Amino acid sequence: MAERRTALTAPAAEPDFLLFNDLACETVGGRVIFATDEWFAPAANLLKRAPPQFIADEFTEFGKWMDGWETRRKRTPGHDWCIIQLGVAGRIHGVDVDTSFFTGNHPPFVSVQAGHLEEPPTFNLEGDRTGVAASHAELVAVAKLHSEAWPELVGVSELKPGYLDCCHNYFKVNFKQRVTHLRLNMYPDGGISRMRVYGVGQTDWTSVSLHQDVDLVALTNGGVCLGYSNAHFGHPRNMIGLGRAANMADGWETARRLDRPKKLKVDGQGVLQVPGCEWAVFGLGHCGVISSIEVDTNHFRGNFPDSCRVEACALTPEDEGRSVRTKWNSGKWEVLLPSQKLRPHHRHVYDTAALTLTHPITHVRLVIAPDGGVSRLRLWGRAVNHETLASTR
Ligand SMILES: NC(=O)NC(NC(N)=O)C(=O)[O-]
């Protein structure tokens, strides 16, 4: 079975790769396995999901407390670097080296290299690493990776300091291989608050049985958000993350619709009839037939959507590219799960009896009415090979 192909939109104000999943985030299992120096602040901070903070009067015994990775001012030759193990291995489309609050101490240059390690090395970097420099034993162990020779994803590039509204340093990446590890180099030293690695997970589908139900939209299986109407409080890609959501910020949450009608209408099933809705489109990691759907409103108690429905279609990669470019304004959507009334803070599971399509699909659109938050979307089903998909189109 071949993996899915992903199309990108034309360049816009923000880079198109920001739609994709952060494959290095701590919430998907990303870890820093080595850092040359963590004097002022540990490299593990690079992978935190929460946006960086600044607390003006917070100091440690090593200096100013900073919410990022910050090394000492180097007085010897060389530069600082760290190795990041991705939580989900996959294809990388872009990175954001965020320097928030590092002004006067951001590194002037960075570069990023990519590695593919079948057997990830184990280092014992647990606990608070503030004030730590790599030990001799760590340096010897990491030297075996020969990471200095890994291919470059981002060549040596200038970094902007982290003033408000200008702290993102986006680098588009054109690298087709599956990546498991990154080496982030800063020249020569300084502080970086977050490292976001945007890409699409790659599963070895040859090891997945055609008779086994898998969550075909999970980010670990190559699912990816490809468009949405609104992501004011939380991005829809959060819905395909691991496990149940930690809090509201770990789900999709839209702004309140300001066009809500003054008089609310309800249909025969008690579903609110509103003109407005919000939507998010996902590409599945592999085409397949869906047998059950989970819509989890965990944590959304006063702001869960009134109802939801799921639509689906089977697209070629060319169709997908066109749809991304036209922002999903046209499409051949069919209803997979008809409109369902939702409850607050609740895991809703819809099995085959509730679903209205039995043929393979490649994309889904979750439509919520009128607005609100959903923490997880799971699409359980069986992968089908592309020949079967082609014969049903
Ligand atoms: N005021 C500072 O932030 N100074 C130093 N950094 C920390 N974290 O104390 C430095 O050398 O950049």
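D215 counts as buried at 5% relative accessibility, where buried means under 20% relative accessible area, exposed over 50% and partly exposed in between, with a 1.4 Å probe and protein chains only. This is a predicted model, in which local features need pLDDT of at least 70 and side-chain atom pairs count only at pLDDT 80 or more, while totals for chains, interfaces and linings use all residues. Residues are numbered from 1 along each chain as its sequence is written, and side-chain values use heavy atoms, with hydrogens and water left out.

**Salt bridges**

- D215 forms a salt bridge with R378, the closest N and O atoms being 3.4 Å apart; a salt bridge here is a side-chain nitrogen of Lys or Arg within 4 Å of a carboxyl oxygen of Asp or Glu.
- This pair links distant parts of the chain, since D215 belongs to strand β15 (residues 214-215) and R378 to strand β26 (residues 376-383), 163 residues apart; strands (E, at least two residues) and helices (H or I, at least four) are DSSP runs numbered from the N terminus.
- R378 is also buried, with a relative accessible area of 9%.
- R194 and D67 form a salt bridge in which the closest N and O atoms are 3.1 Å apart.
- Because R194 lies in strand β14 (residues 194-201) and D67 in the loop between β5 (63-64) and β6 (69-70), the pair ties together parts that are 127 residues apart in sequence.
- R194 is buried at 0% relative accessibility, and D67 is buried with a relative accessible area of 5%.
- R347 and E294 meet through their side chains in a salt bridge of 3.0 Å, N to O.
- R347 lies in strand β23 (residues 347-350) and E294 in strand β20 (residues 278-296), so this pair ties together parts 53 residues apart in sequence.
- R347 counts as partly exposed at 41% relative accessibility, whereas E294 counts as buried at 10%.
- Salt bridges that share partners join E38, R129 and E138 into one network, and a search of the whole structure finds 19 salt bridges.

**The ligand and its surroundings**

- A side-chain N or O atom of E70 is 2.8 Å from a nitrogen atom of the ligand, and one of R73 is 2.7 Å from an oxygen atom of the ligand.
- N105 has a polar side-chain atom that lies 3.1 Å from an oxygen atom of the ligand.
- Taken alone the ligand exposes 320 Å², of which the protein buries 71%, with areas from the Shrake-Rupley method and a 1.4 Å probe.

**Strand β8 and its partners**

- Strand β8 (residues 109-115) is largely enclosed by the rest of the structure, because six of its seven residues are buried.
- β8 pairs with β10 in the antiparallel sense over four bridges, pairing being defined as at least two bridges found by DSSP between two strands; in β10, E158 is the bridge partner of F109.
- β8 also pairs with strand β12 (residues 179-187) in the antiparallel sense, over seven bridges, and in β12 the bridge partner of V110 is M186.

**An exposed loop residue**

- D165 sits in the loop between β10 (152-158) and β11 (170-172), and counts as exposed at 80% relative accessibility.

Methods
Polar contact = N/O pair within 3.5 Å; in protein donor to acceptor, adjacent residues only side chain to side chain.
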